[in-house]
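This report goes through one structure, taking its strands, its aromatic rings and its charged side chains in turn. Please keep the sequence and the 3D view open while reading.

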Amino acid sequence: MASDGHDGGELVEENGLSRRQLLGIGAVVGVGLVGTTVPILRYLGPTALASAAPQIEVPIDMLGLWQAERLLILGTPGYLLRTPDEIVACSAICTHLGCVTKWNRTQRVFFCPCHGARFAPDGRVLGGPAPSPLKRYEVVVSEGKAHCVEPA
């Protein structure tokens, strides 16, 4: 290392940066990384409001046969589906990597557009990389409206 010729005797690296300048640059880069990473992590993480989400009631006469209505069930994306035998409520979150599934009314399956997992109307795995079925919720029907609760 060589002296920069100032009376203060501040040492200068071969590339022309002093330690003080190098530390300043490091601090700016560090603050920048934290400043951009924290908002991204907050966006990707679950929200505290999800647990306080209001219970949504769906009039059952609005659900056609094999029609799935996508809605928030207890704060998470889910489906309310009418089959000939019952009204089914399940999570819309694929158990493989957490993508949001879609309903195919023609084939009567939930499918994951990310990696190709397929689920039966009751949430069972039909194919693809999903390790377990979609989470099911209990459906309570009262006064012509359906709403979901955690299974007992």
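How many bridges join β4 to β5, and in which direction do the two strands run relative to each other? The two strands run antiparallel, and six bridges join them. The model shown here is a predicted one.

**The sheet**

One of the residues in this pairing is Glu 69, whose bridge partner in β5 is Leu 80. Both strands belong to an open sheet of six strands, ordered β3-β12-β11-β6-β5-β4. The pairing in this sheet is antiparallel. At its edges are β3, made of residues 58-59, and β4, made of residues 68-73. Each of these edge strands pairs on one side only.

The model has two aromatic pairs. In one of them, the ring centres of Tyr 79 and Phe 110 are 4.9 Å apart and the ring planes meet at 40°, so this pair is tilted. Planes under 30 degrees apart would count as stacked and planes over 60 as edge-to-face.

The table gives the values.

| Residue | Relative accessibility | Class |
|---|---|---|
| Tyr 79 | 4% | buried |
| Trp 103 | 15% | buried |
| Phe 110 | 0% | buried |

Each value falls under the 20% limit, so Tyr 79, Trp 103 and Phe 110 count as buried.

**The salt bridge**

Which side chains meet in a salt bridge? The structure holds one salt bridge, and in it the side chains of Asp 122 and Arg 124 meet, with 2.9 Å from N to O. Asp 122 has a relative accessible area of 27% and is partly exposed. Arg 124, at 47% relative accessibility, also counts as partly exposed.

Note on methods
Residues numbered from 1 in each chain as written. Predicted model: local features only at pLDDT ≥ 70, side-chain atom pairs only at ≥ 80, totals over all residues. Heavy atoms only, no water. Phe/Tyr/Trp six-rings, centres within 6.5 Å; stacked < 30°, edge-to-face > 60°. Buried < 20%, exposed > 50% of the residue type's maximum accessible area, 1.4 Å probe, protein only. Salt bridge = Lys/Arg side-chain N within 4 Å of Asp/Glu carboxyl O. Pairing = 2+ DSSP bridges. Helix = DSSP H or I, 4+ residues; strand = E, 2+ residues; numbered from the N terminus.
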